[in-house]
Amino acid sequence: MIRFDSVTKRYPDGTVAVNDLSFEAASHQITVLVGPSGCGKTTSLRMINRLIDPSEGRIWIDDKDISKESPAKLRRGIGYVIQQAGLFPHRTVVDNVATVPFLLKQDRKQARAHAMELLDRVGLPPQFAKRYPAQLSGGQQQRVGVARALAADPKIMLMDEPFSAVDPVVRAQLQDEFLRLQAELGKTIVFVTHDIDEAIKLGDHVAVLRVGGKLAQFATPAELLSRPADSFVAGFVGRDRGYRALGFTVADELPLHEESAITLGSDLADAPRLARDGWVLVVDAEHNPQGWLALTGVPDSALQGEVTPDLLNLGGTLAAQGGTLREALDAALSSPSGRGVIVDDDGRLVGTVSPSEVLARIEAHAEEARHAPAEIGTS
Amino acid sequence: MSPWTYFRDHQSDVLHWLWTNAWLAGVPLVIGLVIALPLGYLASRYRWVYPPTVTLAGLLYTIPSLALFIVLPGLLGTQILDAINVAVALTVYTVALLVRVVADALNAVPSDANSAATAMGFTRRQRLFGVELPLAVPVVAAGLRVAAVSNVSLVSVASVIGVPQLGSLFTEGFQTTNYAPIVLGLILVVALALVFDGVILFGARLLTPWQRAVRAR
Amino acid sequence: MNPTLSFSNVLTWLNDPENWRGADGVLAHLREHIFYTLIAVVIAVLIALPLGLLIGHTGRGVVLGAGSANALRAVPTFGLLILLVVWISPKIHAKQEVSGLIQQGGLAYLIPTEIVLIVLAIPPILTNTYAGVQNVDPAVRDAARGMGMTGGQVVRKVELPIALPLIISGIRSATLQVIATATVAAYLPFLGGLGRFLVDGLTTLNDPHDGYPKMVSGAILVAALAVVADLLLIGLQRLIVSPGVSGRYSRRKTAPDATAEKTSVQDITVDLAGA
């Protein structure tokens with residue numbers, strides 16, 4: 001657990017980067033520091049591993065005052081990931097990952113073996129081990145950076161905009177894999193970003209900072225969306241708050257309808273029998289939905305041969321059975337047939353749901369939230 | 001005896017040596033630049049020309065000056081004492097240094113500027129004289145300053161084989177164990193080098209008015 | 001009357017084994033020349049390398065480093081040599097002799113010579129070292145500190161290996177200048193080195209077997225020594241610089257964003273500083 005206790009950072013020219021900041025980053029959870037440029041988020045992060053020291057206030061890690069520890073020793077127990085990765089160009093990928101174990105004088109062979117495991121964990125094939133950073137793409141370098149931070153198995157990880165320097169597609173992949181990794185490892189992570197969507201997606205708790213280094217709000221992402229503390233936070237969190245908040249509610253109690261589906265490769269002539277409202281869902285041999293077949297206005301004579309992928313309309317998204325209301329709504333709205341496809345954890349068809357049914361559930365949910373006890377008079 | 005006294009006593013000799021030193025350093029500079037520009041251009045334009053050219057240039061630059069001063073008379077058919085050997089040797093060094101600088105300077109011109117020029121309809125020749133060369137001036141000038149300053153001080157090495165120029169002040173001082181000519185020589189050589197340096201710097205500033213505007217901001 | 005200078009007897013001179021043996025032979029003078037060069041370069045590296053690393057790492061004292069290389073280029077080394085010899089040599093009374101390397105009485109001239117050689121060798125090494133360290137990507141330096149390396153470890157394990165190409169380039173430049181100036185030092189009495197052939201040949205120009213041919217042979221030998229030294233250092237660079245830094249890995253890249261191969265203006269400026 002990391003605790004900021006009235007921390008202030010003032011520079012000789014008078015600028016105040018961090019102003020009386022107090023919060024607690026819970027153990028085994030991801031705490032995101034987010035805010036516009038100049039809000040002191042990176043400064044605050046760098047005070048945790050003492051790359052910067054506070055002018056006032058104290059920082060505690062598990063009830064130990066970090067100002068009392070030697071900086072180099074402190075840092076070897078904290079994983080540090082930065083935006084441009086900062087990989088050592090003169091070392092191979094595997095030696096980069098093994099940097100801190102080498103520093104800690106661990107057995108080199110073991111350290112390298114462990115590094116290879118970590119490379120696999122972050123999704124890099126073993127051939128990359130002997131390559132040099134300059135031979136890797138930006139996204140690959142970032143993965144190595146994460147592996148390097150994990151090498152000495154630190155309890156705490158500090159991450160400074162680690163995914164900002166890559167393109168959006170790669171960024172989304174890295175974020176998803178990062179969440180998967182954290183689910184396995186359960187580190188205490190402090191994460192800095194300027195992107196509120198990233199903060200909401202990744203954070204268990206989010207600290208919104210304003211320019212000048214003051215804390216505007218410290219809350220869970222759901223609270224941030226539903227109850228922003230002031231107009232600055234509301235503005236920073238941005239539009240579509242209602243819609244984005246749907247991403248935090250599990251889609252339970254949705255009425256699922258059975259959906260008859262035709263398998264790829266089977267006879268097209270069977271399609272009209274299975275169709276409803278001129279559309280039939282197509283699945284593969286494992287019963288995973290592949291797309292929709294449109295039959296409106298198609299004469300029976302044209303239905304010759306097999307059901308092939310090139311005939312399919314791929315318009316709808318798929319929602320997982322235990323997923324959020326947002327996924328369910330999107331599946332229902334984007335489906336060309338008007339029927340949102342719901343699948344289980346293995347991607348197999350479970351059933352369909354209509355947009356109005358999802359909306360009814362959303363409304364019921366909102367009704368419950370509205371009638372929860374008000375908090376006037378509480379802190 | 002002070003250097004100034006020595007100067008007064010040997011004025012005509014010293015001035016003659018100063019003049020010799022100046023043209024022995026200056027003429028190779030000009031000729032060297034004139035030769036290096038097209039060679040450097042070719043090296044930047046044709047990828048396969050660059051490595052052998054730069055390697056040969058590096059090799060030539062590696063040869064110690066005294067060695068070159070001595071071998072050239074045999075090649076050129078001149079006498080050992082002929083100042084022309086020094087001039088030719090320094091031209092070789094100037095070319096060797098500048099070819100690489102010119103090639104690299106042209107290669108360092110931002111490709112955006114070149115693309116824009118071509119897209120606007122510049123011919124290759126217009127692009128070279130209108131875009132690439134002007135943008136290459138600062139770097140080439142820096143190389144030219146290095147060549148100029150080295151040339152001026154390299155000339156004095158020729159005293160070992162007896163060519164009369166400012167270096168003669170050093171041999172004189174050694175043979176008569178007199179500080180005055182030595183100090184005088186050092187002052188004059190450094191001053192001459194600084195003059196060359198300043199002239200080139202000034203010339204470069206003249207050719208790059210856009211840099212002046214940036215500095216003035 | 002000066003004889004016309006021809007190359008006709010040079011090969012004869014070089015092929016004559018008598019010219020290679022003895023205290024005044026090629027091997028002896030070669031040994032001396034290498035000896036003079038090594039002392040100067042090694043001492044210069046011992047002074048300039050740590051200093052350059054310090055300046056580059058802390059970022060303090062840059063002005064001192066930058067100015068020195070350029071300023072020194074304007075000073076004629078021959079003049080400096082003479083000045084120091086006239087000043088210091090009479091004060092050295094040591095008459096030691098190191099067989100094969102230093103003649104009796106030579107120490108008085110060798111010491112001022114070595115001082116000049118060292119002063120000559122320091123600026124290229126110093127400038128290139130601190131430029132090399134300064135060129136290290138700030139993100140890499142930040143990551144190194146952030147992972148828990150002490151200042152000294154950052155210098156030794158990160159900045160030095162990355163700056164190595166520039167450092168070795170500086171050492172090459174310094175070595176060439178020292179070899180060239182050591183040649184000139186043969187003007188002084190009691191000093192050996194390959195320059196001895198160049199200077200001695202002047203006095204026997206009239207002898208077509210021992211005058212100009214000796215001088216040209218000396219010139220060829222010096223040039224060859226310079227080239228070999230340069231090649232050795234380039235070889236050293238290939239050996240000790242990490243492939244990740246030199247770019248010497250198979251171009252079978254996985255990334256579309258190749259590191260820029262164009263020379264930047266900064267690279268050229270640093271090149272010139274060491275020229």
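**Close-ups of a predicted model**

**View 1. The buried residues of helix 9 in chain B.** Look along helix 9 of chain B and you'll find these residues buried: B:A180, B:P181, B:I182, B:L184, B:G185, B:L186, B:L188, B:V189, B:L192, B:A193, B:F196 and B:I200. Keep in mind that this is a predicted model. What do the buried residues of this helix pack against? In chain B itself, their partners are helix 1 (3-9), helix 2 (11-45), helix 7 (124-155) and helix 8 (167-175). Chain C joins in too, with its helix 4 (77-88). As background, an α-helix has 3.6 residues a turn, so residues three or four places apart point the same way.

**View 2. Helix 9 of chain B, end to end.** This helix covers residues 179-207, which makes 29 residues.

View 3. Is C:F197 buried or exposed? It's buried, because 27 other C-beta atoms lie within 10 Å, and the cut-off for being buried is 20 or more. Leaving out residues up to four places away in sequence, C:F197 touches C:H29, C:K214, C:M215, C:S217 and C:G218. Take C:H29: it sits 168 residues from C:F197 in sequence, yet the two are 8.7 Å apart in space, C-alpha to C-alpha.

**View 4. An open sheet in chain A.** Three strands make up this open sheet, in the order 11-12-13, and the pairing is mixed. At the edges you'll see strand 11 (261-263) and strand 13 (289-294), each pairing on one side only. Going from one strand to the next, the twist averages 35°. Strand 12 (residues 279-283) and strand 13 run antiparallel, joined by 5 bridges. To spot a pair of residues facing each other, find A:V283, which stands opposite A:P289 of strand 13.

**View 5. Stepping back to chain A.** Chain A is split into domain 1 (2-248) and domain 2 (261-364), and the centres of these domains, taken over C-alpha atoms, are 41 Å apart. Along the principal axes, the chain's C-alpha atoms fill a box of roughly 80 × 60 × 30 Å. If you count helices and strands, chain A has 14 helices and 16 strands. Of its 379 residues, 39% are buried. Among contacts in chain A with a separation of 6 or more, 60% link residues 24 or more positions apart.

Methods:
Residues are numbered from 1 along each chain as its sequence is written. Chains are lettered from A and ligands numbered from 1 in the order in which they are written. This is a predicted model: local features need pLDDT of at least 70, side-chain atom pairs count only at pLDDT 80 or more; totals for chains, interfaces and linings use all residues. Two strands pair if DSSP finds at least two bridges between them. Helices (H or I, at least four residues) and strands (E, at least two) are DSSP runs, numbered from the N terminus. Axes are lines fitted to C-alpha atoms, for helices over the stretch in contact, and angles run from 0 to 180 degrees between N-to-C directions. Domain bounds come from an automatic or database domain assignment. A residue is buried if 20 or more other C-beta atoms lie within 10 Å of its own, exposed if 12 or fewer, and partly exposed in between; C-beta atoms are placed from the backbone. Two residues are in contact if their C-beta atoms, placed from the backbone, lie within 7 Å. The expected span of a helix is 1.5 Å times one less than its number of residues.
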